[in-house]
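Subject: Structure handover

Hello,

The structure is placed below, and my notes on it follow. Please read them alongside the coordinates.

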Amino acid sequence: MNTGPQPRVGCPPDDQATAAVVEVVEVRTRLAGRWIHDGVSFTIPRGQVVALIGGSGTGKTVLLRQLVGLDRPTAGTVRLFGVDLAAATPVQLNALRQRFGLLFQDGALFSNLTVAENVAAPIIERHRLPKPLLCEVVGLKLGLVGLSAEAAGKRPSELSGGMRKRAGLARALALEPELLFLDEPTAGLDPIGAREFDRMLRTLADSLGLTVLVVTHDLDTLYELPDRVIVLYEGRVIADGSVQEVARQPHEWLRSYFSTRK
Amino acid sequence: MQDVTATRHCRWDADQGRLCLQGHWTLAHLAAIDADLKALPLPVERPLTIDGSALVRLDSVAANRLLSHLQGLGVDPAGLAWIGFGARERELITLVAERRGACAAIPLPHHGLRRMLGWHVFELGRNTVSMLAFVGRVAAALGELVRRPTRLRLRELTVQLEMVGLRAIPLIIMMNWLIGVVFAYLLGIQVQKFGANVFVVDGVGLAITRELAPLITAVLVAGRSGAAFTAHLGAMRVNQEIDAIAVLGLSPWQVLVLPRLLALLVVLPLLTALGDVAGILGAALVADWHLGVTPTTFFERLQERLPLATALFGLSKAPVFALVIGLIACHNGMTVARDARSVGLATTATVVHSIVMVILIDAAFAVAYPEIK
């Protein structure tokens, strides 16, 4: 009879619990004859909520795509949970993908499935669950992001933008990820909906113990959501710290960025 | 003595009223956790203590399963004592307890036979109504165009004439030529048995001009241009381009639908005539090579035996086919729902419906005018 605690197999060892979840080391990216990233480096420790900001065309979304393994940088290293994405085998990559979720800018929900089926899709692919349990899991995920049972039966085309984002978030959370990437989560939402979304993200991040990297343009999000802000400008990180610290920086772009908020 | 029931994920200590959770309480083990929980003889009436000190990991779905299981047993959640949980795990349980009710168990939709049948019947009804409305709108747009001919979008019409007509020519010629070759060859084998080789001309002339060329050409154009219309208009609708046209004060019917319909109306009879010629040339080739009917004999007999009325009858079907193909294709394109899946469904529907309609109409023509030889 097994009564004692089980050995911690397949689980991050304790010494890694405080180690970096995301490591970006000297990443350089050349796109269409231009250096988008010219030596970008930062690390994100477990449990931190980080916002990545920068003007349009500074390669925030490109960096995000590199972080989730959709694109590769021209030079430099990207590591998730200590695994170098460029050197990872397909099996390793597949295992990694169960440990992070991505919320695409427009949700990128599968248009031929209902919201509930969208959330169920990644679970069905990875785990064998009896139907009642699957329904319960889907219900919980939708409840976590604040969607009603009524929305669950609808197709993405029948939802408002805010609900699509929530449904996308529910799908990103489906496999119980430790790390969450968000691409402009509040873009296209009204200010009230955007603040609600920020607060919900903060609650989820705290309660589920998530590490979060959010790419954003939204100044209000910066004051609401992240522990730390990283600023990209002309291919480099020009500021890195709490929002108050970053707002105090004398850099010209940052001054004009923060001066848009009265 | 201790009264203890233990499974892989939990352990029930009846003496202390304590439920110990152990190991990995995660999504990957959810089915096992469920089975383990159900195997425990948990009492309803006693206050329970839940001990999380032996947990390796706890995630939201597993916490939810525990709460659901206790709820299913009728345990009062307020009477639970939680011990041995970390701060993070307590927070997780609180969040799950708060939010889990909002959307409880979601029934995933059933795709049963009855449901599918019903859906298709209603879809047919909806489609018919919206098609009728569409025909009306096109007629209104056409009426407006007749009153103000300057509204004609010449540029778009020219583009469509090229796309639908000019670029289809090689395909139409090749396919009709091939049908002519095959038909003359098979017919030739039959007439040869009676030593009436020259009669192949009668059969080929009638079949190609009256039936084969109009039908083959219309089917090819339905698959080629009909699908293109639906996919193009559908993608424009998904992209809100059609709304943009309307907002700019233009009529999508004038700008998009009418040029396509008119182009098809003009082009399909021309393509059919081309198909007639290609088919007969293919047949003449086989007649010469296989049956010993020289081209001179072939064309002299063709002129003698094939009345102009037969060829014109075949050509007169083309505008009707064109109208049906154009209306179905544009209607399906203009009415897609705004998602990727609908564009695919609408394009499939266009090809299937327009080909079915073309063949039905052809049959109607054949029955209605049997006297034309």
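What share of the contacts in chain A with a separation of 6 or more is accounted for by residues 24 or more positions apart? The figure is 67%, where two residues are in contact if their C-beta atoms, placed from the backbone, lie within 7 Å.

This is a predicted model, in which local features need pLDDT of at least 70 and side-chain atom pairs count only at pLDDT 80 or more, while totals for chains, interfaces and linings use all residues. Residues are numbered from 1 along each chain as its sequence is written, and chains are lettered from A and ligands numbered from 1 in the order in which they are written.

Chain A overall. Chain A has 11 helices and 10 strands; these are DSSP runs numbered from the N terminus, with helices (H or I) of at least four residues and strands (E) of at least two. Its radius of gyration is 19 Å, close to the 18 Å that the globule rule gives for 262 residues, so chain A is as compact as a globular protein of that length. The radius is taken over C-alpha atoms, and the rule is 2.2 Å times the number of residues to the power 0.38. The C-alpha trace spans about 60 × 45 × 40 Å along its principal axes. Of the 262 residues, 40% count as buried (20 or more other C-beta atoms within 10 Å of the residue's own; 12 or fewer is exposed, in between is partly exposed; C-beta atoms are placed from the backbone).

Strand E7(A). All 5 of the 5 residues of E7 (residues 179-183) of chain A are buried, so the strand is largely enclosed by the rest of the structure. Leu179(A), Phe181(A) and Asp183(A) point one way, Leu180(A) and Leu182(A) the other. E7(A) pairs in the parallel sense with E6 (residues 100-103) over 4 bridges and with E8 (residues 211-215) over 5 bridges; pairing requires at least two DSSP bridges. Leu102(A) stands opposite Phe181(A), and Thr211(A) in E8(A) is the bridge partner of Leu179(A).

Cores. The largest nonpolar core has 88 residues, of which Leu147(A), Ala170(A) and Val212(A) touch the most other members. Helix H5 (residues 131-144) of chain A gives the most to this core, with 7 residues. A nonpolar core is a set of buried Ala, Val, Leu, Ile, Met, Phe, Trp, Tyr and Cys residues joined through C-beta atoms within 7 Å. A second, separate core of 57 residues includes Ile172(B) and Cys330(B).

Regards
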